[in-house]
Amino acid sequence: MEKRCSRWGEVEPRAAFAADRAARDRLQAYCRTCWAECHRARQLAKGENVRPRVETPEGYRHRRSCGETDPHSEWHRKASASDGLSTSCKACRAEKGRAGPLKRRYGLTDAERDQLIADQGGVCCICRAAPAAHVDHCHETGRVRGVLCFSCNAALGQFKDRPDAIRRAAAYVEGIAWKPTLVAPGVCQLPS
């Protein structure tokens, strides 16, 4: 079955027309191509921003975020979309996923975190041996203190950010015994 486009008068297959429940034949009067051109012209007349159409080969889709064209296998599926593909490709979604929590939790961008790591010489602030990878912050104020390695960040978390406990741990490691001394039967003396 075919239908004539009202705009240019060309006869096209019915698949070239979008659905319209109000129309007698349940199809729009203009074909999809003409409808898109009319819509674009109306948007420009209103002063709206209209993105240029990018022609892509069959089985590919254009990425507006970075300007590249990728095959459909590089896109996530989305059943509710007209073409069945997500609005972001897998690479862009992964990049956004990594940047999102950093911004939400600490108010840092990737560039700011990288600058912190560069200022520290690329190593952990505490042990100065392992590469810095985890943002450390004060749990009371939320202020970012630096970027630590996994072990040092976990150690601070285990000490609950208590300086007194950290000092006692340092003294213990330095060799000061914390065991009580037996002075008399049943009487113990704690170190000062």
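**Notes on rings, charges and cysteines**

1. A search through the whole structure, which is a predicted model, turns up one aromatic pair. The partners are Y30 and W35: their ring centres sit 6.2 Å apart and their planes meet at 65°, so this pair counts as edge-to-face. The cut-off to keep in mind is that planes over 60 degrees apart are called edge-to-face.

2. How exposed are the two partners? Y30 has a relative accessible area of 27%, so Y30 is partly exposed. W35 comes out at 38%, and that makes W35 partly exposed too.

3. K3 lies over the face of F17, 5.2 Å from the ring centre. R61 does this with W75, at 4.7 Å from the ring centre.

4. Now the cysteines. How many disulfides does a search of the whole structure find? The count is zero. C92 is in no disulfide, and its nearest cysteine sulfur belongs to C89, 3.4 Å away. C92 is buried, with a relative accessible area of 13%.

5. C124 is in no disulfide either: the nearest cysteine sulfur is that of C152, at 3.7 Å.

6. Last stop, A91. You'll find A91 in helix 2, which covers residues 90-106. Its relative accessibility is 46%, so A91 counts as partly exposed. From A91 to E55 is 36 residues in sequence and 21 Å in space, C-alpha to C-alpha.

Methods. Residues numbered from 1 in each chain as written. Predicted model: local features only at pLDDT ≥ 70, side-chain atom pairs only at ≥ 80, totals over all residues. Heavy atoms only, no water. Helix = DSSP H or I, 4+ residues; strand = E, 2+ residues; numbered from the N terminus. Buried < 20%, exposed > 50% of the residue type's maximum accessible area, 1.4 Å probe, protein only. Disulfide = S-S within 2.5 Å. Phe/Tyr/Trp six-rings, centres within 6.5 Å; stacked < 30°, edge-to-face > 60°. Lys NZ or Arg CZ within 6 Å of the ring centre and 35° of its normal.
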